[in-house]
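The stops below go from a pair of helices to one residue between them and then back out.

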Amino acid sequence: MESITHNLAAVLIQILCFNIFFYPLNIIFTIIFAFLSHFLSDAFSKLTYHTPEAMKNDKFWITWHIIIYTASIVTFIIFFLPFWLGMLFVNLPDIIDWFILRPIKNKKKRESPDAIIKKNYSMHQISDWIRIKILFWLPDLTYKKYGVITELIMIGFFSSLIYLFI
Ligand SMILES: [Zn+2]
């Protein structure tokens, strides 16, 4: 899932939690549900155009990424106040994997290139598990350009719910 989709889901979660629960449960549930929603959204990401590697020679890939990254930054700024809490926790699994676990793994590899690293510790194993065990029946659009439509539908769906609730 693209960052914008995660962020919109987090905004929605925070709105709902603050409408349903009282302090401090509203904060606690925002944190828990925003964090968990990351794995669920990522498990659904095979329904979207989401190539694991950068395709820098592909004009479509470049255009899509310019649009989606710009939109992600804009949404982040628009919703930062007061939705920074939900947005922080929805992005936490990516932050942990990319900025903490991956550098540790790379450092280990550099130090002992021959050692086989037995366990591949990463938070995204949770999304992989959901995808393989529960959502295995979904079509795989990872490399299909029309997969951007699914992402756009999700963005539209979350945005309209936010618009309704705000
Ligand atoms: Zn992720």
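Predicted model: local features only at pLDDT ≥ 70, side-chain atom pairs only at ≥ 80, totals over all residues.

**Stop 1**

The crossing of H1 past H2 is right-handed.

Next, show side chains along the contact. From H1, select Thr 5, His 6, Ala 9, Ala 10, Ile 13, Gln 14, Cys 17 and Phe 18. From H2, select Asn 26, Phe 29, Thr 30, Phe 33, Ala 34, Ser 37, His 38 and Ser 41. Coloured by class, this contact shows eight nonpolar, eight polar and no charged residues.

**Stop 2: Gln 14**

Centre on Gln 14, which lies in helix H1. Is Gln 14 buried or exposed? Gln 14 has 27 other C-beta atoms within 10 Å, so it counts as buried.

Leaving aside residues up to four places away in sequence, Gln 14 touches Thr 30, Ala 34, Phe 83, Leu 85 and Gly 86. For a distance label, pick the C-alpha atoms of Gln 14 and Phe 83: they are 6.9 Å apart in space, with the two residues 69 apart in sequence.

**Stop 3: along H2**

Return to H2, a helix of 19 residues. From first C-alpha to last, H2 reaches 27 Å, close to the 27 Å expected at 1.5 Å a residue.

Now select the buried residues of H2: Thr 30, Phe 33, Ala 34, Ser 37, His 38, Ser 41, Asp 42 and Ala 43.

Technical notes. Residues numbered from 1 in each chain as written. Left-handed = near helix turned anticlockwise from the far one by under 90°. Helix = DSSP H or I, 4+ residues; strand = E, 2+ residues; numbered from the N terminus. Contact = placed C-beta atoms within 7 Å. Nonpolar A, V, L, I, M, F, W, Y, C, P; charged D, E, K, R; others polar. Buried ≥ 20, exposed ≤ 12 C-beta atoms within 10 Å, placed from the backbone. Expected span 1.5 Å × (residues − 1).
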